[in-house]
Amino acid sequence: MAKLTPEVEQYTQQLREKLQEAGYAYYVLDNPVMEDAVYDRLLRELQELETQYPQLIVPDSPTQRVGEKPATKFVSVKHNIPLYSLENAFNIQELKSWQERCQIQNSKFKIQNSDLSQSQKLEVKNQNSDLNNDSHSDEINLATLDYVCELKIDGSALALTYENGLLVRGATRGDGIMGEDITQNVKTINSIPLKLKIDNPPPKVEVRGEAFLSINVFENINAQREKIGETLFANPRNAAAGTLRQLDSKIVAQRRLDFFAYTLYLEENTSEFSQLSTQWEYLQLLQKLGFKVNPNRQLCSSLDELEAYYQYWDKKRQNLPYLTDGVVVKINSLPLQKKLGFTQKFPRWAIALKYPAEEIPTIVQAVTVQVGRTGALTPVAELKPVQLAGTTVQRASLHNSDRLAELDLHIGDTVIVRKAGEIIPEVVRVLPELRPKIALRFQMPTHCPECSQPVIKPRDEAVTRCINTSCPAILRGSLAHWASRGALDINGLGEKLVQQLVNSCLVKSVADLYNLTVEDLTTLERMGKKSASKLVEAIATSKVQPWKRVLYGLGIRHVGSVNAELLVQKFPTVAKLGQAKVSDIEAVYGIGPEIAQSVEQWFRVPANQNLVERLETVGVTLESKGSTSNLVEEQDGLLVGKTFVLTGTLPTLKRDEAKNLIQNSGGKVTSSVSSKTDFVVVGEDAGSKLEKAEKLGVKQLSEAELLEMLEVRS
């Protein structure tokens, strides 16, 4: 064993912490901070170090778990069967090493003849003439077995539970043990049957598969987000994951998710299907049950066939309507799958053979700067056209001035470009050795390219911004956002019309929309009287949209549709929200300090105050209808007079989140247990507080019991 040095120990710890941060951002926050390829490389490095120095392995190492804990916006549920991720192989040699490990594991047990399919029995019989049809045991060579090869869809894994043929639960992967119940969102995916397509379904079946977005749908979503100044999704996988976690199922339905089923689990001896013996038969069964199964699958009888399949799709995958980043390889025999079993993180009988990311050099011919709805200036590299991953790439985002400085980008530079998630072009690095002598470094403008007003770059931000509220670019983005489906949903108010309204000075704020007449609109290009009348009617109809949509439509930084709904529950009128202090806003469960400050600052601006007054004058809804405020008041009083103590690590809630939930409902949270304590909320690794509570007879609550007491609903 190699000698462990303090330097190696310190580096391993740093590596572990970096991976933990990236895992938390990806799995919990849905906001990746590290590219998959970089994460995979660092994880492999950590695995190698821990293999070399086993004494460095700790329980919380990223190598010892499937993923981080799920987020808390939905009810957490435990998977009936762990939903493991797959081990990765990055070349054929690593795939062969996986097969050898399976062979070693296989040598530890004997396979019963009754476990084999007919074709496998025949294969063994040819090798061993004395094998007959009784329960004779024999060991077989894995090289004689079949492998099921499927394209690895870049999406989000789901576990679907059916009871007596009906869909009763849809859950995300989460950390592999605990996921999130997103049944209502799952039901919006048309390729997932709500009822199994057979007359006598098994009493209970769990189907596993991948929810994903087609490339065209993904590009349309990003195009819409770009129009209204929202951050673009990096790739279809992130977009699918973010969509599935939307609280509003209507938004999920609009995103048009798709689904491929790839395996299922049946309770033993519950139906005729429990006698199936291969993965290939399972795929055929899934089709019979009414699921969409990827047609580009293949049953391979050797690694040579498998390699040919892998190479074929490496060339052809650019023509697919969805994104794939590799091939999933599974041993076909279900009995052998069962016997090989799982490690702490992966199934031993399956592996993902990944494709390398395609990169290509090209030349930066110019850099342009776009201005978004929030005033953010985004530099974009105008490239010499080049073919990349099946499409012609001419532009690539440079993100912000910090990224520009990091690249040290000059006009005329040769750069390496790739597609992030194989969709969005990005500049990976500059090749300074190829830089022309006359090349000039690009500098971010000091004035807005749209309105020529000075721009600023806040110290705590990487983004340069135009702060002129009259900037045409900001106005266009604001109008498009106001009219979007998630906000006021004004049918007919598209990008081209917004451009005309701004250029003609007919509209200088969203409030001006409600003063437009048919006569005003018919002065615009390609706007007839009938179309103008429909638009005026659509604008008038938008006045009755609920307050939560209006709040989202105002375009306050960091306030998305989910945050808007949370704020409206606490502040049922615009007056109450406008008068709220940062501390009041931050006290809302799910609202952090950055959002609270953004909201409070927005209502301080005189121009925004004037906008609210004008919207109120024209009759736009600025308060919740019905009993929302009463519900809030009722919720606030659920724990009045009750004192709580928190101890240990809760399954899904952070300590501050649990504290806010209790305080928002009128309860009090203290740091020590006493005779006056009503409840102790107990998590894992609870310490002396639990012991004291037991001595004093204080009632104990789990996180689930606390949430049930609060009647929290996702």
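**Aromatic rings**

I began with the aromatic cluster, in which ring pairs link Tyr162, Phe259 and Phe291; for Phe, Tyr and Trp (taken by its six-membered ring) I count a pair if the centres lie within 6.5 Å, calling planes under 30 degrees apart stacked, over 60 edge-to-face and the rest tilted. I note at once that this is a predicted model, so that local features need pLDDT of at least 70 and side-chain atom pairs count only at pLDDT 80 or more, while totals for chains, interfaces and linings use all residues. I number residues from 1 along each chain as its sequence is written, and side-chain values use heavy atoms, with hydrogens and water left out.

Searching the whole structure, I found ten aromatic pairs. One of them joins Tyr312 and Trp313 edge-to-face, at 5.2 Å centre to centre and with 90° between the planes. I then looked up how far each of the two is covered, taking buried as under 20% relative accessible area, exposed as over 50% and partly exposed as in between (1.4 Å probe, protein chains only). Tyr312 counts as partly exposed because its relative accessibility is 44%, whereas Trp313 is buried at 11%.

I also looked for a charge over a ring, which requires NZ of Lys or CZ of Arg within 6 Å of the ring centre and within 35 degrees of the ring normal. Arg297 lies over the face of Trp280, 5.5 Å from the ring centre.

For secondary structure I used DSSP runs, numbered from the N terminus: helices are H or I with at least four residues, strands are E with at least two. On that basis the protein chain has 26 helices and 24 strands. I treat two strands as paired if DSSP finds at least two bridges between them.

I traced an open sheet of five strands in the order E2-E13-E12-E5-E11, with mixed pairing. Strand E2 (88-89) and strand E11 (298-300) stand at the edges with a single partner strand each, so one side of each has no neighbour in the sheet. Further in, strand E5 (residues 147-153) pairs with strand E12 (residues 324-331) in the antiparallel sense over six bridges, and I noted Val328 in E12 as the bridge partner of Glu150.

For packing I took a contact as heavy atoms within 4.5 Å, and angles as running from 0 to 180 degrees between N-to-C directions, with axes fitted to C-alpha atoms (for helices over the stretch in contact). Helix H10 (residues 303-316) lies across E5, E11, E12 and strand E13 (350-354), running at about 20° to E5.

Cys300 is in no disulfide, as the nearest cysteine sulfur, that of Cys149, is 3.7 Å away; Cys300 itself is buried, at 0% relative accessibility. The sulfur of Cys471 is 3.8 Å from the closest cysteine sulfur, that of Cys448, which is too far for a bond, and Cys471 is likewise buried at 0%.

**The E14-E15 hairpin**

Strand E14 (residues 359-371) and strand E15 (residues 376-388) pair in the antiparallel sense over seven bridges. The hairpin has four residues between the strands, and there Gly375 takes a positive phi near 90°. I found Val371 opposite Leu377 in E15, and Leu377 also stands opposite Thr464 in E20. E15 and strand E20 (residues 464-466) pair in the antiparallel sense over two bridges.

Three bridges join strand E21 (residues 643-647) to E22, with Lys668 in E22 as the bridge partner of Thr643.

**The chain as a whole**

Last, I noted that buried residues make up 48% of the 714 residues in the protein chain. Of the contacts in the chain with a separation of 6 or more, 68% are between residues 24 or more positions apart.

Notes
Disulfide = S-S within 2.5 Å.
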